[in-house]
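Hi,

Here is the structure I promised to pass on.

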Amino acid sequence: MQIKEYKPLIVAFCCNWCSYAGADLAGNNRLNYPAEVKIIRVPCSCRVNPMFILRAFQRGADGVIICGCHPGDCHYTSGNYYTRRRMALLFSMLDFLGIERERTRVEWVSAAEGAKFATTMNDFVEKVASLGENKRLEDLRCKR
Amino acid sequence: MQRIGVFVCWCGSNIAATVDVQAVAQALKNEPGVVFSTDYQYMCSQAGQDMIKEAVAEHNLTGIVVCSCSPRMHEATFRKTAAAAGLNPYMVEIANIREQCSWVHKDIPTGTEKAIILGKAAVAKVNLNTPLTPGESPVTKRALVIGGGIAGIQTALDIADAGFPVDIVETKPTIGGKMAQLDKTFPTLDCAACILTPKMVDVAQNDKIRIFSYSEVEEVSGFVGNFDVKIKKRARYVKEDLCTGCGACVEKCPMKKVPNEFNLGMDNRPAIYIPFAQAVPKVATIDPNACNMLKNGKCGLCARVCTAGAIDYTQKDEIIEEKYGAIVVATGFNPISMDKFDEFAYSQSKDVITSLEFERLTNAAGPTAGKLVRPSDGEHPHTIVFVQCVGSRCENCAEKGKEYCSKICCMYTAKHAMLVRDKYPDIETYVFYIDVRTPGKNFDEFYRRAVEEYGVKYVKGMVGKVSPEGKKLKVQASDLLNNKQLNIDADLVVLAAAIEPDKSARPLATMLTASMDTNDFFTEAHPKLRPVESPTAGVFLSGACQGPKDIPETVSQAGAAASKVIGLLAKDKLTGNPCIASSDENMCNGCSSCERVCPYGAITYVDKEFRMPDRTTKVRRVAQVNPAVCQGCGACTVACPSGAMDLRGFASNQIIAEVDAICK
Amino acid sequence: MQKITLESLVEKAVSLLENGTVTSVLGWKKGEFDYDITPAVFESADELKKDFVWNDFCGANFSKYLVSKTCKSEGKILVFLKPCDTYSFNQLLTEHRFDREKVYAVGIPCEGMADINKVKEVVGDGISKIESNGDDLVVTTIYEDAPVKVTCKDVLAERCVNCKSKRHVAYDELLGEEGEVIASERFDEVERLEKMTPEERFAFWQNELSKCIRCNACRDVCPACTCEKCVFDNPNSGVENKAASNSFEEKMFHIIRAFHVAGRCTDCGECSRVCPQNIPLHLLNRKFIKDINEFYGEYQAGAEVGLRAPLVDYTLEDLEPGEVFDRRDNNA
Amino acid sequence: MNNKMQNLRDEIILRSGVNPSKCMACGKCSATCPAYNEMEYHPHQFVSMVKSGDIEPLLASDSLYKCLTCFACVDRCPRGVEPAKLVEAVRLAAIRQQGANHLKPDMVPDMLDDDMPQQAIVSAFRKYTK
Amino acid sequence: MKASYFPGCTLKNKATHLDIYARKCADVLGVTLEEIEEWQCCGGVFTTSKDEVATKLSSVRALKEAKAKNQPLITVCSACHNVIKQTNHAMEDTQFADKVNRYMGEDAYDGSATVYHYLEMLRDLVGFDKIKEKVVNPLTGKKIGAYYGCLLLRPNKVMQMDDPENPQIMEDFIRAIGAEPVVYAYRNECCGGYIAMEDPQSAKKKSNRVTECAQIAGAEMIVTACPLCKYNLVKNGSELPVIYFTELLAEALGVKEVSNE
């Protein structure tokens, strides 16, 4: 039997105006990043409800990353400022509960930063992969 | 249950080279709700779109998933296709298997596996999609222009020209703005008054335009197409409808020692005044801080000499409420204070002046009737030093200057130096510059003429110190090209002060919920593609409130803003983006969290009566989203603890479905 | 041990009822046991004189009850508020959750409430009677003949040991003396947990939260949880209550609940008081409060009506989520 | 720029805390410098020469000892470049070399007069001797 | 009010007047100046280089003592003030402070002492209004040009005494003692400083510019806080008398003794 190489599952929430476009640009420029990263498009990073993040973990995601416009560049002027507060508190809480802090991240990626998107994802996947499977937060029923 | 059709695009080899498109189509066939699945070379082509339309008809589809390039590319295309096939356009979802899959992954198994998961997520989402219809709101066909300088004037004229009524609100007693204070304009050297005052008269005579001078905007509520604005008309103690502008009061007023702000304090005016001869409206205004009658009830001379009976010492500030469909900000600029740059001795010598003061000093209607003399002693200057970039391009901007280039100084300084040399060839003129920036039609030619034909001495370098000594101003400067330190005995030093947005802009931006940059310039909706619109719908930008601009640029931007306003006012109804927030009244607590995070002020509260299960009624405060104002960011949906607030098109259960599909 | 007497409260309530200021009174009533005090509405002097209770177990925070009570009756309701209750009172007003006009709030001093679990640790189970006597509680059990004396101070509830304020931030009338805001050590326990390794923390919470039986008592008593419909009761939310499959379900519930009340929680401690499994739920809320204080400046929910909660606010200079940990590592 | 100069340049930038790339070449430092006429290389040249790594001529120049450290260039620079700190860093690079002290104790007696304040002597030593 | 006092080398030798009158006036104004015990040289000039640690140690010791007593540190000599204040600022950088504190024995110092120049003390701690009240011999009619030089004002980011291009503190001081300030452009330009030692010619040029400029503006006297400024101006032939500000203050407050120069 072949032992399957461990590949983490990463959910990336990307805001439509900057980061999703940044991811598109990474594609346009053929900048590779691991296929484990699956992007969900949201209008703004402030649309990301902590529930979505926990749900992802519950269903077996090994890492969740939220990407939005750089502070000051939000298409909706202030959405990412709320994201910044919410996620700072949420991530701190997850850490408080003993969840590895490397499993969560917020990164500001502009529409022009295709390269940053790719490096960020490479780096994030590598970090999460080194932690191994997400055991502390998953719902065992949902395991493949 | 939806009946979903899945359409997998090859994009030639763009997708097909790394993703086994047939396998994707095959895999998605088994997803819940999917009744049809196929692949094609170019889905966006006419043939591809026809394929979708036929499938909709044939399989009675209710939803469509297109696995193709980024939705930023062709979402609109496929929505149109759906609409043409009789589906609601918002029943389409795109799985991005090109930019975010085939182009970034190398081998076919990986690409195919991911493409299938992305397709599944899109299918999961479409299963929960509901048809969306954009909301509509009416448009009040009247525009408000805030600021009556050349930007505001031009915008108002253009809007009125299209047949829409316009109101101009101007804080000063007259419209005209900075341009009215200028002498000549570059690069053609037309006299500013000659080209501006006819426009001011046009404004006064246009029956579509109302001018609220000596007034300010007090409060703004509402939204695009439906703004409610309160305008405070300050008491000028003169009845505008009666005053004929004859000037008898101005002549007779005994209080003549008030610094004249129109001439930047270089001469005095009476307590009752008309800023300048061509003022519009040509109506006198009493300065309440200077008028003896208003201060202590002693005088009343102006009332006695006024044959029209226009003087009214009891006049009070008046609040005017009006509805507007669009608002144009044209609040303009001011030179920055020179207080923090006293190495140039601005506060130590009257003969160190700013460029705007220089304009007044050379203006035929200015304090010296256009005769260029030293302000300190009225003598003819022999050497004039112009210093550029004072306060512009400063790194330590927080305390002193501005980080940006003020853009207009290079050209007006060339103009000043040239005009001096033209009129007074005996005067030596030096211009100290860091760079001469002259991008603009006929601009560089103009600057070269100043140097080559008029003999203006341009020195690359900066002035380090100006020392008033006796009657002279000792100017110590560097000449970088000759690697020398220069010491010039000047009679007049003119500082090209950086310009900054008018102080009224910041509170106005708050009222309008329009965003600003760190320098207090209004931000445009898009720096290249939407340069005259604010991100706040229905608010437009004209002139230097958006960034430093010269007159030609201001006028063209003013016209552009006007055309945007006309485009808006020409509509009877506005159709919005249907992907907006909406609140479930049965779950809403009325806690105000959503209202506080809404960047657009789209959320209001109403008390609503609810029937309870026990047949009693209960009145509760619930949130309502104004569909015309909401832009669909979703900030409120997370702020809402009860989950009453959701975002159409990106509903919580849709996103959770995507998460589940990806994590499954 | 409470300084203010039962008689004075009843007297106040009766006089306000009789002079027509209020038409009902929200107060405490004995439940199954002496220590099992439940909130009750009284509408007559007789009822008050018969059933109204005030002792060291009157911990219940009435603020939340105002949401439903003010909705129903037309007349005014009298509510007795201990200092910590007034914060919830203000917070609910900030969120427009009840009509201030329909409430007559009487602030009463509080010397701290007893924790029955701590009493039981001393005297054991089978308590049949508890009476206050000066600084002591006199406890009778069915197993012992002689009653046992317990010093109130020794059995003070955790939230009262770490009382944050004896000052009332809202009332129409104040009985007794006004106290002061206290510099409490309430974050010490949070800090202790923060200093553990992630593994230790995970083990701690795994152990605590796996005790959760999802009875929803914490939610039902919480004055910040006044949603018309909780997301956990909403089948469309994706997180509705279901049989728990493993400990993560509980974690998710408690994280989301803490997040929903973050910035709005006044740290009244009711969640931990009512938890039948004695899970220290207040620590989750305090963690958020501590973080908010550290990241965005000191903030006490409910200190004033109309405060802008930290999660619906921002500054341009807020720290980045990634900096949270750098900061903690540097401080450690 | 050879390796040695590159190192020296980096060291000077590190020691002074000045980023010469911020300079926009306005020349205000040289315009305001009271010692300009005594200097072979002027403040703006210090900035541009350090930036380009052309440091050897500066090390050899007497200009190093003409700067009065009056900080006029520091305060008036619109870009916050702080040329005086750069001059100091280059001077240190020169006088920290063996035998390169610019002021030696035995030179001092001839320079003194009765009124010369102690401060002058101490300062000169600080600036010229390591 | 008590304050720590750092006189510095020159005030104990060539500029005794600056020191003596500073102390006398402080007594009159109700400020007790406690001289730093065993103070050492301030360092003479501030070396801006980030790797110079030893040159700053003596200033740090003085700062540390003031901090330990929890009182402000008062300086009079412009050079001392500049060096101590810049050192104090440098100590706010923790990396730099770490290096310095290795020499400081047990208690580390963190840059938290407050340093006042005597003039700032007059303005901020005593108040010019109070000085006005205490003046017994107002110097009415005297036209005095304040000479700041460079050290008091620059670098402004650190010194924060006044607007470096248009300072008012000395002018306000001159008004407080009843005289009339004369503003002239070179009051904040360099006198030539320590270059006077090895290049007196160059120092002369600079000094002369200052005095000329003051003279043209109509000053009858120049007042300064710096012994080196005074030396340079006087040595290079100032036609105007150059006086320490403390001496003028003493005169106005009536505590100046008959000259024994």
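Predicted model: local features only at pLDDT ≥ 70, side-chain atom pairs only at ≥ 80, totals over all residues.

Let me start with a sheet in chain B: three strands in the order β11-β12-β17, open, with antiparallel pairing. The edge positions go to β11 (215-223) and β17 (318-324) of chain B; each has a single partner strand, so one side of each is left without a neighbour in the sheet. Direction ignored, neighbouring strands here are turned by 20° against each other on average. β11(B) and β12 (residues 226-233) of chain B run antiparallel to each other and share eight bridges. If you want a residue pair to look at there, E219(B) has K230(B) in β12(B) as its bridge partner.

Helix α6 (residues 150-161) packs against helix α15 (residues 551-569) at an angle of about 35°, and their axes are 8 Å apart. The crossing of α6(B) and α15(B) is right-handed. From α6(B), the contact uses I150(B), A151(B), Q154(B), T155(B), D158(B) and I159(B). α15(B) answers with a set that includes I551(B), T554(B), V555(B), A558(B), G559(B) and A561(B), plus A562(B), V565(B) and I566(B). By class, that contact comes to ten nonpolar residues, four polar and one charged.

Now for how the chains meet. Between chains A and B, the contact takes 34 residues from chain A and 36 from chain B. On the chain A side, the elements giving two or more residues are α1 (19-28), β2 (37-42), α2 (50-58) and α3 (79-96). α1(A) gives the most to that side, six residues. The side of chain A that touches chain B has 19 nonpolar, eight polar and seven charged residues.

Chains D and E also touch, with 30 residues from chain D and 37 from chain E. On the side of chain D, two or more residues come from each of α1 (3-16), α5 (72-76), α6 (83-95) and α8 (118-128). Here α8(D) gives the most, with nine residues. Sorted by class, the side of chain D that touches chain E has 16 nonpolar, six polar and eight charged residues.

That brings me to chain E itself, with its eleven helices and eight strands. Its radius of gyration is 18 Å, close to the 18 Å that the globule rule gives for 261 residues, so chain E is as compact as a globular protein of that length. Along the principal axes, its C-alpha atoms fill a box of roughly 55 × 45 × 35 Å.

The domain assignment gives chain E a domain 1 (2-119) and a domain 2 (128-253), and the C-alpha centres of these two domains lie 22 Å apart. In the contact between them, 23 residues of domain 1 meet 22 residues of domain 2. On the domain 1 side, the elements that give two or more residues are α1 (16-29), α3 (78-90) and α5 (118-126) of chain E. The largest share of that side, eight residues, comes from α1(E). By class, the domain 1 side divides into twelve nonpolar, eight polar and three charged residues.

Over to you!

How values were computed
Residues numbered from 1 in each chain as written. Chains lettered and ligands numbered in written order. Domains from an automatic or database assignment. Contact = placed C-beta atoms within 7 Å. Helix = DSSP H or I, 4+ residues; strand = E, 2+ residues; numbered from the N terminus. Nonpolar A, V, L, I, M, F, W, Y, C, P; charged D, E, K, R; others polar. Axes fitted to C-alpha atoms, helices over the stretch in contact; angles between N-to-C directions. Left-handed = near helix turned anticlockwise from the far one by under 90°. Pairing = 2+ DSSP bridges. Rg over C-alpha atoms; globule rule 2.2 N^0.38 Å.
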